[in-house]
Every structure is written in structure tokens, then in C-alpha cells.
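Subject: Structure for you, with notes

Hello,

Please find the structure below. My notes on it follow.

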Amino acid sequence: MSLKDTVVFITGGSRGIGEAIAVRLAKEGASIAIAAKTADTNSKLPGTIYTAAKAIEAAGGKALAVQCDIRDEEQVQRAIDQTVATFGHLDVVINNASAIFLESTEQTPAKRYDLMHNINGRGTWLVTKLALPHLKKSRNPRVLTLSPPLDMSPKWFEKTPAYTMAKYNMSMLVVGHAGEFAKHGIAVNGLWPYTVIETAALNMISQSKSKPNLRTPEIMADAALELLSKPSTFTGNLCIDEVILREAGVRDMSRYALTPGTRDEDMELDGFLGEADHARVAMLRKMHRSGTAAAKAKL
């Protein structure tokens, strides 16, 4: 898929999954605005809007680094205006920015609750709202939000209710905006990892780097590209990275293993996944194994 004339606005893309998605789209020729808060280097959390911009350009894309706090309406408007002034238009919004605090109600300070809800729900809504006038003019408009399936099982709420609510706000916006923007031909979808993804931010809160059974951000990047390649009639879906890739014909997930040789079945699963999600992945894995075995038998 060529993204040569496609302009992407991505929030929080200075590192991790956001940066990986930006670099992947850049390889297809996209012009990308990185709108994130981090402009100065941090020894504990590497990556800035400028290092991400360099990675985008090294991958073959055009980059614009914009320091932006998506909680601030004026900053978001300025960032979008700067993107359109630089590249001429805007086609894709990727709502990647998110805050996390995995504690119980008793252990969650009000300021942490406010931070998560102001970034995750309100920030996603605000960025999409302010980008909407430009998306309506695009020939191929898309909104992609990194948010989970809406599984209402109590187990996702009883331990970290504030965080779950904040992430589900993003998912509900996917469903709502897909319906609201359909008349404009704007496809709106969500994307979530089936397994835990190793990132610098995750390492800070869980020491995940020492765990061998994680995947790299590149699986989310490839899945994002696949989602953006689908027709505009594919909208309102809360998708899983491995499902999207396997349904697109990708049989081998080993390339995404943080530790080479780790089996799919041994990967640490992410949260917010229901029985239907697990059944679907199991079915696709079985189909691909059967197909691979049959192909080998013919050799």
C-alpha cells in the first residue's frame, strides 16, 4: 500500500507503539505529524518528538515534530493547523496517547484519575473533533484509536476501575464516531494487542523487560497499516492485532517475539480480552498451522 500523499496526525508517538506505527507508515511514504509532550531527553524514558521525527525521515517519510499536550484545546488546534499548513491537508488521525495507573479506587489519587480521563477519553475526543473539518475534506479519511474491545466482565473493573473506565471511553468513542461520521465516509476503528507489548513506558511500571514472553511494537504497527488499508466500509470495529494480521494472511507471528523462539501459546496475554477473542485467535492459529503443514507435505 502506498501512502505517498497521505498525511497522518498521531498523538503520543515519541516512543513505543506510537513511534513504531509512525515509522511503519513512513516506509509506505506517509507524511507524519508527531504530536506529543516530550521534547527533551529523559534518561529514564527515552524518546522525544525529535528522535521520532528522525526515525520517520530515515524510514522514507516526511515528519513534523509538534510539542502538544492533548488536554489543552489551544495546543491541539495549533498542532493540527501546523500540520495542515506544512503538508497541505490531513487524512488520518491516530489516537495513540494514553495514560495508565493500575491501582484500586483506594490507591488511586484524584489527580491520577483526572489525568487518565483527560488524556484517554477527553483527549481522544478533542483531537478527533478538531481534526474533523480536515478529515471531511480528505479523499480517504481514517481515525484509528488504540483502545480495547468492550468486554464488560467484572474482572476488568474490580481491580483497576479508573483505568478501565478511561480506556473504555476511547473504545466507546470508536463506536460512536464510526456511526456519527459514516455520512462523511470517515472510517473509525480501534486496535488492541493480543499479547503484552514491550515498551519503555511499560518497563517503568512493570519491569517487563526481564520477561521473555512479550512481543515488539512492530506487530501493532503492521496491524495498523493493514487496518488503514481496508475500505471505508470497514468501520466501528474494535480489532485485535493478531486477528487482523492472520485474517490478512500473515501466518508466522514469530517475527514479533521479543525473545526469538518464544511460542505463540507462551506469550503473556494483554487485558480486556474475552472468550470470543481467545476462540477467534485459537481458530486462526489452528487454520494456519494446518495450512503450513499441508504446504510442507507437498514439498
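D151 counts as buried, at 19% relative accessibility; buried means under 20% relative accessible area, exposed over 50%, and partly exposed in between, with a 1.4 Å probe and protein chains only. D151 is placed in the loop between β5 and α5. Helices (H or I, at least four residues) and strands (E, at least two) are DSSP runs, numbered from the N terminus. Leaving out residues up to four places away in sequence, D151 touches W156, F157, Y168, F272, L273 and G274, where contact means heavy atoms within 4.5 Å. D151 and R71 are 80 residues apart in sequence, and their C-alpha atoms are 27 Å apart in space.

The model is predicted: local features need pLDDT of at least 70 and side-chain atom pairs count only at pLDDT 80 or more, while totals for chains, interfaces and linings use all residues. Residues are numbered from 1 along each chain as its sequence is written, and side-chain values use heavy atoms, with hydrogens and water left out.

F272, one of the residues that D151 touches, is itself in a loop, the one between α8 (241-247) and α9 (275-298). With a relative accessibility of 6%, F272 is buried. The phi angle of F272 is near 65 degrees, which is a positive value in a residue other than glycine.

Overall picture

The protein has nine helices and seven strands. Its radius of gyration is 19 Å, close to the 19 Å that the globule rule gives for 299 residues, so the protein is as compact as a globular protein of that length. That radius is taken over C-alpha atoms, and the globule rule is 2.2 Å times the number of residues to the power 0.38. Along the principal axes, the C-alpha atoms fill a box of roughly 60 × 50 × 40 Å. Of the 299 residues, 51% are buried. Among contacts between residues at least 6 apart in sequence, 74% join residues at least 24 apart.

Helix packing around α1

Helix α1 (residues 16-27) packs with two helices described here, α7 and α2. For the angles, axes are lines fitted to C-alpha atoms, for helices over the stretch in contact, and angles run from 0 to 180 degrees between N-to-C directions. Angles under 35 degrees count as roughly parallel, over 145 as roughly antiparallel, 65 to 115 as roughly perpendicular and the rest as oblique. A crossing is left-handed if the near helix is turned anticlockwise from the far one by less than a right angle, and right-handed if clockwise.

The axes of α1 and α7 (residues 218-229) come within 8 Å and cross at roughly 50 degrees, and the two helices are therefore oblique to each other. The crossing is right-handed. On the α1 side the contact is made by I17, A20, I21, R24 and L25, and on the α7 side by E218, M220, A221, D222, A224, L225 and L228. By class these are nine nonpolar, no polar and three charged residues. Here Ala, Val, Leu, Ile, Met, Phe, Trp, Tyr, Cys and Pro count as nonpolar, Asp, Glu, Lys and Arg as charged, and the others, Gly among them, as polar.

With α2 (residues 49-58), the axis of α1 comes within 8 Å and crosses at roughly 25 degrees, which makes the pair roughly parallel. This crossing is also right-handed. E19, A22, V23 and A26 in α1 meet T51, A52, A55 and I56 in α2, and the contact has six nonpolar residues, one polar and one charged.

The α4 and α5 pair

Helices α4 (110-135) and α5 (residues 161-181) have axes 8 Å apart at an angle of about 15 degrees, and are therefore roughly parallel. Their crossing is right-handed. Residues of α4 in the contact include Y113, H117, W125 and L132, and those of α5 include Y163, M170, H177 and F181. The contact has eleven nonpolar, seven polar and one charged residues.

Two further residues

T83, in helix α3 (residues 73-87), is buried, with a relative accessible area of 0%. Beyond its neighbours within four places in sequence, T83 is in contact with V7, F9, A33, L64, G88, H89 and L90.

N140 lies in the loop between α4 and β5 (142-145) and is partly exposed, at a relative accessible area of 36%. From N140 to A20 is 120 residues in sequence and 22 Å in space, C-alpha to C-alpha.

Regards
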